[in-house]
Amino acid sequence: MKITPEMTVLEIGALVCTRLKEAGIDVFLSGGAVVSIYTSNRYESHDLDFITYGDFKKIETVMIALGFNREKGRHFLHPNTEFFVEFPGNAATIGDEPIREFSEIKTSTGLLKLLTPTYCVMDRLSSFYFWNDPQGLEQAVMVAKAHPFNLSIIEKWSKREKLMEQFSTFVKRVRN
């Protein structure tokens, strides 16, 4: 399957995830692209951040076979799309919280493994909690209003991180 300009972030993500899985590399989608997917593009991200412990040389081989060109570092661009793919590292945690479960979305281009809505909210809240990023709060609220999520997991995590004041801000925003 070739990447075309009409493909969505979901379709490209599923294709990349599937091809890497076929090469024996387990990845999951994180970051703003997950927000885009869960909010039906109310928030629009142009980068796909895949987290993996996989061998980067094997990743590069798969990405080149898909038509991507490696840019500096762990970034890949494709001439047929405005979306770019990045492999920022292998941290399967949010703050000190290990990610324990994932969602999967089946598309015509493959199967995408991604953060659950709960972990997506936590991922976005982490930028609000740790860097005082208001955009992270906005994204967390958008996902929380669009999908069922587990508030008690987020509350326990917030307590462990000692960030209950920021958690209260999030809860107020979700309830308004």
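Reader: Which helix gives the most to the lining of the largest pocket?

Author: This is a predicted model, so let's take the pocket as the model draws it. About 210 Å³ of space lies in that largest pocket. Strand 6 (93–94) and helix 5 are among the elements that give two or more residues to its lining. The top contributor, with 6 residues, is helix 4.

Reader: And which residues are closest to the centre of the largest pocket?

Author: The lining has 13 residues. The ones closest to the centre are Asp-123, Arg-124, Ser-126, Ser-127 and Trp-131.

Reader: How far apart in space are Gln-139 and Gly-13?

Author: Along the sequence, 126 residues separate Gln-139 from Gly-13. Going C-alpha to C-alpha, the distance in space is 19 Å.

Reader: Moving on to helix 7, how far apart are its end C-alpha atoms?

Author: Helix 7 runs over residues 164–175, which makes 12 residues. At 1.5 Å a residue it should span 16 Å, and the model agrees with that, because its end C-alpha atoms are apart by 16 Å.

Reader: Which residues of helix 7 are buried, and what covers them?

Author: Phe-167, Phe-170, Val-171 and Val-174 are the buried ones. They cover an arc of only 100° around the axis, so they sit on the same side of helix 7. What covers them includes helix 4 (117–131), helix 5 (134–146) and helix 6 (151–160).

Reader: How many disulfides does the structure hold?

Author: Take Cys-17, which is in no disulfide. The sulfur of Cys-120 is 16 Å from the closest cysteine sulfur, the one in Cys-17, and that is too far for a bond. The number of disulfides is 0.

Reader: Is Cys-120 buried or exposed?

Author: The cut-off for buried is under 20% relative accessible area. Cys-17, at 6%, counts as buried. Cys-120 has 0% relative accessibility, so Cys-120 counts as buried.

Note on methods: Residues numbered from 1 in each chain as written. Predicted model: local features only at pLDDT ≥ 70, side-chain atom pairs only at ≥ 80, totals over all residues. Heavy atoms only, no water. Helix = DSSP H or I, 4+ residues; strand = E, 2+ residues; numbered from the N terminus. Expected span 1.5 Å × (residues − 1). Buried < 20%, exposed > 50% of the residue type's maximum accessible area, 1.4 Å probe, protein only. Arc of directions from axis to C-beta. Contact = heavy atoms within 4.5 Å. Disulfide = S-S within 2.5 Å. 1 Å grid on protein atoms, 1.4 Å probe; cavity = no way out; pocket = protein on both sides within 12 Å on 5 of 7 lines; lining within 4 Å. Points joined across faces, edges and corners; volume = space filled by probe spheres on them.
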